[in-house]
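Biologist: Hello! Could you walk me through this model and its ligand?

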Amino acid sequence: MKTLIVYDSFFGNTEKIALEIGAALGERGEVETLPVSQAVPEKVGGLDLLIVGSPTRGFRPTEATSKFLNSLAKEQLDGLGVAAFDTRIALETIDSAVFRLVVDKGGYAASTIAKALKKKGGNLLAPPEGFLVTGEQGPLKDGELERAKEWARQLWSLVQGKINR
Ligand SMILES: Cc1cc2nc3c(=O)[nH]c(=O)nc-3n(C[C@H](O)[C@H](O)[C@H](O)COP(=O)(O)O)c2cc1C
């Protein structure tokens with residue numbers, strides 16, 4: 001099984017999640033984990049799984065992430081298993097009730113990424129996933145790396161099911 005993980009990260013939290021997912025999948029197959037600055041459409045070939053992750057900034061993915069997704073050809077992901085994740089602020093760490101509501105209702109990067117991946121023909125294997133940080137610049141909330149590992153294992157099972165069908 002061959003997986004490509006493309007991620008963006010300003011403060012290192014999304015990178016940690018991406019590397020954890022990569023390590024979990026790497027125990028079972030071939031994985032490349034690439035910062036979005038190095039990701040080009042040509043990398044998306046011969047894959048079984050493409051995972052894209054970004055920090056949520058202003059309710060959406062980073063500009064570099066959106067640019068990468070837009071750079072993919074119209075039907076480039078046809079039939080390919082895809083998944084999306086983001087990092088986001090843990091709501092309970094926001095003091096202001098109004099701000100908490102705004103952040104909660106504003107939306108998150110992973111949904112936008114998932115939509116873009118589907119638009120390019122990708123077969124979304126799991127709901128968009130969010131991993132939590134406890135401050136604007138992190139760190140990750142306790143247990144999130146373990147949750148990322150578990151998420152990766154679930155994705156692996158889903159892809160395996162499709163490959164062996
Ligand atoms: C300019 C800016 C905007 C942000 N906007 C959001 C947001 O809309 N929703 C949210 O949950 N977190 C938001 N955050 C928190 C980020 O999600 C957090 O910085 C990110 O998870 C850290 O990931 P990184 O270390 O990979 O950059 C924002 C942070 C910054 C600095």
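Biologist: Which pocket is the space taken by the ligand?

Modeller: This is a predicted model, where local features need pLDDT of at least 70, side-chain atom pairs count only at pLDDT 80 or more, and totals for chains, interfaces and linings use all residues. Residues are numbered from 1 along each chain as its sequence is written, and side-chain values use heavy atoms, with hydrogens and water left out. A pocket here is an open set of points on a 1 Å grid over the protein atoms alone, where a 1.4 Å probe fits, with protein on both sides within 12 Å along at least five of seven lines. The ligand takes up the space of the largest pocket.

Biologist: Which element gives the largest share of the shell around the ligand?

Modeller: Helices (H or I, at least four residues) and strands (E, at least two) are DSSP runs, numbered from the N terminus. Helix 1 (13-26) and strand 4 (81-89) are the elements that give two or more residues to that shell. The largest share, 3 residues, belongs to strand 4.

Biologist: How far from an oxygen atom of the ligand is the backbone N or O atom of glutamate 136?

Modeller: Polar contacts are pairs of N or O atoms within 3.5 Å. A polar side-chain atom of serine 9 is 2.5 Å from a ligand oxygen atom, and a side-chain N or O atom of threonine 87 lies 2.6 Å from one. For the backbone atom of glutamate 136, the distance is 2.3 Å.

Biologist: How many helices and strands are in the chain?

Modeller: From the N terminus, the order is β-α-β-β-α-β-α-α-β-β-α. That gives 5 helices and 6 strands.

Notes. Polar contact = N/O pair within 3.5 Å; in protein donor to acceptor, adjacent residues only side chain to side chain. 1 Å grid on protein atoms, 1.4 Å probe; cavity = no way out; pocket = protein on both sides within 12 Å on 5 of 7 lines; lining within 4 Å. Sits in = over half its atoms within 2 Å of the grid points.
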